Amino acid sequence: MLTINKLHKSYPIGDSSLHVLKGIDLSVKEGEMVAIMGSSGSGKSTLLNIIGMLDEADEGEYILDGVPIKNLTEKKAAIYRNKFLGFIFQSFNLINYKNALENVALPLYYQGMKRSERQEKAIFHLEKVGLKDWAHHLPNELSGGQKQRVAIARALAANPKLLLADEPTGALDTKTSYEIMEFIQQLNDEGKTILMVTHEEDIANMCKRIVRLRDGVIMEDTFVEQVRAEQYV
Amino acid sequence: MFDIDLWREIFQSINKNRTRSLLSGFTVAFAILLFAILFGLAKGLENTFAEAFNDDANNSIFIYSGMTTKANKGLQAGRRIQFKNEDFDYIKEEFSDKVQYITARIYRNVTATFRNEKNTYNVRAVHPDHQYLEMTLIKDGRYINQNDIDNSTKVVVIGRLVEEDLFLKTTALGKYINLNGIQYKVVGVFTDEGNDNEERIIYMPITTAQRIYGNNDYIDQINLTYNPEMDYDQAIGFGRTITEKMKDRFDVASSDQRAIRIQNMAEANKGVGQMTSALGIIILIIGFGTLIAGVVGISNIMIFIVKERTKEIGIRKALGATPKSIVSIILIESIIITAIAGYVGLLLGMGILEWAGPMLETYFIKDPSVKPSLIIGATITLILAGAIAGYLPAKKASKIKPIVALRDD
């Protein structure tokens with residue numbers, strides 16, 4: 001599904017540069033649910049951004065679903081993002097003047113899908129996250145958990161191969177966090193590959209594999225016994 | 001390619017951010033409003049000038065004679081120069097390609113009577129071409145024609161007010177009017193756009209006047225219009241040529257200013273033309289400047305909008321928006337705001353001109369208005385302006401890196 005070899009990334013800071021990723025090797029198979037952990041500054045978000053094609057590596061190899069991701073034009077990157085990837089963010093990143101339905105339909109718009117078809121698909125995914133009745137509400141009329149569920153529906157809408165979540169529960173209280181995790185686990189059960197950045201131990205333990213980063217290198221890469229979230233809900 | 005979804009996106013964005021859109025539109029609306037008003041006022045001023053010369057043909061040249069003030073070729077100063085039919089014929093033949101209409105004039109004062117009504121009037125004895133020179137409008141009947149000239153018929157064409165004075169409520173056409181004891185048939189009644197005095201004039205064939213008043217071939221004045229294809233400088237040159245030739249003909253010193261005099265409308269028109277075109281250029285510069293200010297204003301606000309929407313653009317990019325789609329959104333939004341605001345300004349400006357127009361006539365501004373052709377020009381300009389205003393911000397927006405936009409602050 002995803003293979004990364006000797007990935008390096010550094011950011012210029014003034015005259016010097018900060019070496020954030022110092023040779024990452026990672027391979028994720030289809031159907032996996034991986035938590036990337038690490039303290040702040042460990043490079044976990046940078047890694048996720050590179051996997052998400054929001055950022056480009058300086059060095060190394062990145063192959064996504066058999067396609068080498070290298071020297072992409074902006075347009076190509078946009079098309080790949082749209083086709084392969086679904087994003088879930090800590091701060092939800094919904095467009096605040098669009099209602100839930102329109103937010104979910106947006107990636108489909110960029111796929112060039114017809115309006116009626118878009119609406120239908122968006123409703124389907126909203127129903128899946130249990131928010132069909134909230135389809136015409138604006139984000140600021142929704143609770144944090146609901147917003148994140150809209151964001152998940154949006155990430156799923158384009159039927160991506162890989163779901164990337166950057167601290168998906170970071171802005172939520174514990175109860176809501178578990179609800180969201182329960183839902184993400186369900187998606188994984190259905191076969192979606194999920195990659196998630198988190199610094200919360202309990203959230204990480206709800207994944208099937210934990211990759212720990214420190215100072216730009218992988219310290220530990222272990223498969224764990226998945227803790228099911230529904231028992232806390 | 002018409003992409004309804006793109007337009008839907010844009011209108012949603014404009015609609016959801018009404019204050020912002022209104023604010024950015026305001027500068028352009030105001031710029032166009034000012035431009036329209038300035039343009040209308042200039043037009044009004046131009047109309048005033050045009051109308052001031054509307055009464056007579058504005059390509060006329062009047063040739064008068066007077067006394068010589070300088071001795072020349074053995075002839076003494078103080079000699080009276082008298083034009084005759086042959087002088088009229090000479091100009092007509094010599095400059096046939098440069099003359100459009102030509103007429104001679106004889107002035108007389110008469111006492112006119114019809115039944116019990118009596119009044120004094122100016123008589124102008126003329127050639128048929130005089131009608132076009134003076135822009136006389138025939139109300140009833142006809143003007144003096146060549147047949148009248150050839151046969152020295154005793155016919156007159158009278159002004160509307162002469163008919164009103166003498167014939168009271170009845171029609172004068174076909175009746176006989178008595179001028180200083182001689183009966184003339186009224187063959188026409190005319191109106192004139194000039195003042196009332198112009199309508200208290202009686203026209204008669206020049207040959208009739210020459211036979212009755214002194215039985216000679218004298219004429220008082222020659223009026224002509226030059227070929228309208230000539231420009232002002234050519235026409236002014238033509239006027240000088242006539243003066244020289246006439247001075248030669250009457251052995252007048254070339255430095256004599258009084259014996260042969262010429263009044264050439266081309267000279268006045270040239271001045272007016274220069275003034276109006278200078279005014280036009282000034283207005284254009286001011287208008288263009290205001291428009292540029294508007295464009296800069298909108299561009300600034302669009303840059304601000306892009307900054308404000310950085311996060312949204314980042315989200316869109318993360319979801320698969322291509323740089324091209326981002327550019328289209330910002331550019332078209334800018335064009336729409338500019339075009340709509342511009343039109344509002346234009347309509348407001350036209351409305352104000354329409355409303356204030358009648359009050360401005362005292363200030364020599366007549367019928368200020370904006371031509372329809374200007375609206376088409378304005379549309380193109382506005383779309384261009386919107387595109388220019390939106391280009392930089394759109395380019396900036398398309399360069400936004402989603403990773404930067406999505407960073408949680």
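**Reading the sheets and what packs on them**

Guide: Leu163(A) stands opposite Ile194(A), which is in strand 8 of chain A. This is a predicted model, in which local features need pLDDT of at least 70 and side-chain atom pairs count only at pLDDT 80 or more, while totals for chains, interfaces and linings use all residues. Residues are numbered from 1 along each chain as its sequence is written, with chains lettered from A and ligands numbered from 1 in the order in which they are written.

Visitor: How many bridges join strand 7 of chain A to strand 8 of chain A, and in which direction do they run?

Guide: Strands of a sheet pair through backbone hydrogen bonds, either parallel or antiparallel. Helices (H or I, at least four residues) and strands (E, at least two) are DSSP runs numbered from the N terminus, and two strands pair if DSSP finds at least two bridges between them. Here strand 7 (residues 162-166) and strand 8 (residues 193-197) of chain A run parallel and are joined by 5 bridges. They belong to an open sheet of 6 strands in chain A, with the order 6-7-8-3-9-10 and mixed pairing. Its edge strands, strand 6 (85-88) and strand 10 (217-223) of chain A, each pair on one side only, and the twist averages 15° from one strand to the next.

Visitor: What is the order of the open sheet of 4 strands in chain A, and what is its pairing?

Guide: The order is 2-1-4-5, with antiparallel pairing. Strand 2 (16-28) and strand 5 (67-68) of chain A each have a single partner strand, so that one side of each is left without a neighbour in the sheet. Strand 4 (residues 59-64) of chain A runs antiparallel to strand 5 of chain A and is joined to it by 2 bridges; Ile63(A) has Pro68(A) of strand 5 as its bridge partner. Helix 1 (residues 44-51) of chain A packs on this sheet, touching strand 1 (2-13), strand 2 and strand 4 of chain A, with its direction at about 65° to that of strand 2. Helix 1 of chain A also lies across strand 3 (33-37), strand 7, strand 8 and strand 9 (209-214) of chain A, running at about 145° to strand 8.

Visitor: At what angle do the axes of helix 3 and helix 5 of chain A cross?

Guide: Axes are lines fitted to C-alpha atoms, for helices over the stretch in contact, and angles run from 0 to 180 degrees between N-to-C directions. The axes of helix 3 (residues 100-110) and helix 5 (residues 144-157) of chain A cross at roughly 25° and come within 7 Å, which makes these two helices of chain A roughly parallel. In this scheme, angles under 35 degrees count as roughly parallel, over 145 as roughly antiparallel, 65 to 115 as roughly perpendicular and the rest as oblique. Two residues are in contact if their C-beta atoms, placed from the backbone, lie within 7 Å; among those that make this contact are Val104(A) and Leu108(A) of helix 3 and Val150(A) and Arg154(A) of helix 5 of chain A.

Visitor: Where do Asp65(A) and Phe92(A) lie?

Guide: Asp65(A) is in the loop between strand 4 and strand 5 of chain A, and Phe92(A) is in the loop between strand 6 and helix 3 of chain A. Although neither is a glycine, Asp65(A) has a positive phi of about 50° and Phe92(A) has one of about 65°. A residue is buried if 20 or more other C-beta atoms lie within 10 Å of its own, exposed if 12 or fewer, and partly exposed in between. Asp65(A) counts as partly exposed because it has 15 such neighbours, whereas Phe92(A) counts as buried, with 23.

Visitor: How many residues does the contact take from chain A and from chain B?

Guide: The size of an interface is often given as the accessible area lost when the parts come together. Counted in residues, this contact takes 22 from chain A and 15 from chain B. Helix 2 (74-84) and helix 3 of chain A each supply at least two residues of the side of chain A that touches chain B, and the largest share of that side, 6 residues, comes from helix 2 of chain A.
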